[in-house]
Amino acid sequence: MSDAQQSTLEHATMTAIVAPRYGSSEVLRTQTVPRPVAGDGQVLVRVRAAAVCRGDLHLLTGKPYAVRLGFGLRRPKDPIIGHDLAGEVVAVGAGATGFDRGDLVFGAVDAGAFAEYVSVPAERLARVPDGLTVAEAAALPDSGLTALQGLRDVGGLRAGQKVLVNGASGGVGTAAVQIAKALGAEVTAVCSTRHVEMLRSLGADLVVDYTTTDFTSGTDRYDVLLDLVGNRSLTDYRRVLAPKGVFVSSAGSPGGDWFGPVLWVGKVVLTGLVVGQTMRPLLMRPRRADLELLAVLAAEGKLRPVIERRCPLAAAAAAVGHVAEGHAQGKTVIVV
Ligand SMILES: NC(=O)c1ccc[n+]([C@@H]2O[C@H](COP(=O)([O-])OP(=O)(O)OC[C@H]3O[C@@H](n4cnc5c(N)ncnc54)[C@H](OP(=O)(O)O)[C@@H]3O)[C@@H](O)[C@H]2O)c1
């Protein structure tokens, strides 16, 4: 790129969804802002699709308040929200390897995906596999990585084991059911009535409708329990875990507006020190190798992102509001 072209790019603008202050989805505004450039180790991506994650809600609301220590005390210091994206590489920064201009990629950023362009660390991207649309690829990072790392790394799930996924109908849950099947496990999915058929179609061996049946009162015992809801006590969860089972906690917020899941995580860890079962919190980390594995699973037809809604960038606030209600089926994708 010539100096003149670089300068034009640096002074270019773009449309983005901006949170000028903390609040609900109603604070979100469509604004014209400076276009980012690819820094060291980064790739500039023209966003073609972005997906709404529950993590976006922390950046938007600034809750639990403890996150403001990192996000900005009075207002978000990275006001463009959005983690998950897929799009086309338009520039490659110094030291960024593995991608060329024109490549179709998908991945995750800390913030900035709800925009026409975003600069992404190359290590948080992978190529979109053949057979997957950009909307489907954008639906994969947060949910697929959380499910994969929760089941494989934290849960140590192996072929032939029994796993229960509590909260199986959302973004992470629909990915978890499919990844658990791909790992060779026997899968029980817990969801409400309207999601039962969808989860059967994704391959769940057993589906428990929580509106009629309490999964913690059954006689089945699970080798791994992936909890995406945090609505039961640790005693309840442990009751259905095998004696050497692993509880993987990805949710839970008894700490309220101030500390959110932090107190729950502490409780999970401390309980794990005194009981025979393994009790572990999950913190997903975006990694290229794991994104590439998700791409392989998707290309092989073993992982099909479930997309409930698609909408244009201008309707991002409504999309975020829908996910904030907490009853999503799979993912909501913004097509840019
Ligand atoms: N630790 C990490 O690194 C990490 C990363 C990503 C996500 N997470 C967390 O993982 C959780 C799930 O995320 P997500 O993206 O899948 O959320 P989501 O897409 O918003 O889905 C939430 C799902 O939970 C279902 N649900 C609500 N109440 C339920 C109950 N009592 N029992 C079973 N299911 C219930 C909802 O459907 P119905 O209301 O119809 O039942 C909905 O389908 C969130 O708490 C999120 O913050 C953690």
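Student: Which ligand atom is 3.1 Å from an N or O atom in the side chain of Asn231?
Tutor: A nitrogen atom of the ligand. Keep in mind that this is a predicted model.

Student: Okay. What does Arg54 do there, in terms of distance to the ligand?
Tutor: One of the polar side-chain atoms of Arg54 lies 2.8 Å from a ligand oxygen atom.

Student: And Met284, is that backbone or side chain?
Tutor: Backbone. An N or O atom of the Met284 backbone lies 2.8 Å from an oxygen atom of the ligand.

Student: How much of the ligand does the protein bury?
Tutor: The protein buries 84%. That is a share of the 920 Å² that the ligand exposes when taken alone.

Student: Which elements give two or more residues to the shell around the ligand?
Tutor: α5 (141–154) and α6 (171–182).

Student: How many residues surround the ligand, and which are the closest?
Tutor: There are 26. The closest are Ser169, Tyr210, Leu282, His327 and Ala328.

Student: What about the shell by class?
Tutor: It has 13 polar, 10 nonpolar and three charged residues.

Student: New topic: the six-stranded sheet. What is the strand order?
Tutor: The order is β10-β9-β8-β11-β12-β13. The sheet is open, and the pairing is parallel.

Student: Which are the edge strands?
Tutor: β10 (206–209) and β13 (278–281). Each of them pairs on one side only.

Student: How are neighbouring strands turned against each other?
Tutor: By 15° on average, with direction ignored.

Student: Zoom in on β9 and β10. How many bridges?
Tutor: Four, in the parallel sense; β9 covers residues 186–191. Cys191 stands opposite Asp209, which is in β10.

Student: Back to α6. Which strands does α6 lie across?
Tutor: β8 (162–166), β9 and β11 (222–227). α6 runs at about 165° to β9.

Student: And where does α10 pack?
Tutor: Helix α10 (residues 261–274) packs on the sheet and touches β12 (241–249) and β13. The directions of α10 and β13 make about 155°.

Student: Last one. Lys63 and Pro64: cis or trans?
Tutor: Cis, with omega at about 0°. In general, most peptide bonds are trans.

Student: Where is Pro64 placed?
Tutor: In the loop between α2 (54–61) and α3 (68–71).

Key: Residues numbered from 1 in each chain as written. Predicted model: local features only at pLDDT ≥ 70, side-chain atom pairs only at ≥ 80, totals over all residues. Heavy atoms only, no water. Near = heavy atom within 4 Å. Polar contact = N/O pair within 3.5 Å; in protein donor to acceptor, adjacent residues only side chain to side chain. Areas by Shrake-Rupley, 256 points an atom, 1.4 Å probe, with all protein chains shown as cover. Nonpolar A, V, L, I, M, F, W, Y, C, P; charged D, E, K, R; others polar. Pairing = 2+ DSSP bridges. Axes fitted to C-alpha atoms, helices over the stretch in contact; angles between N-to-C directions. Contact = heavy atoms within 4.5 Å.
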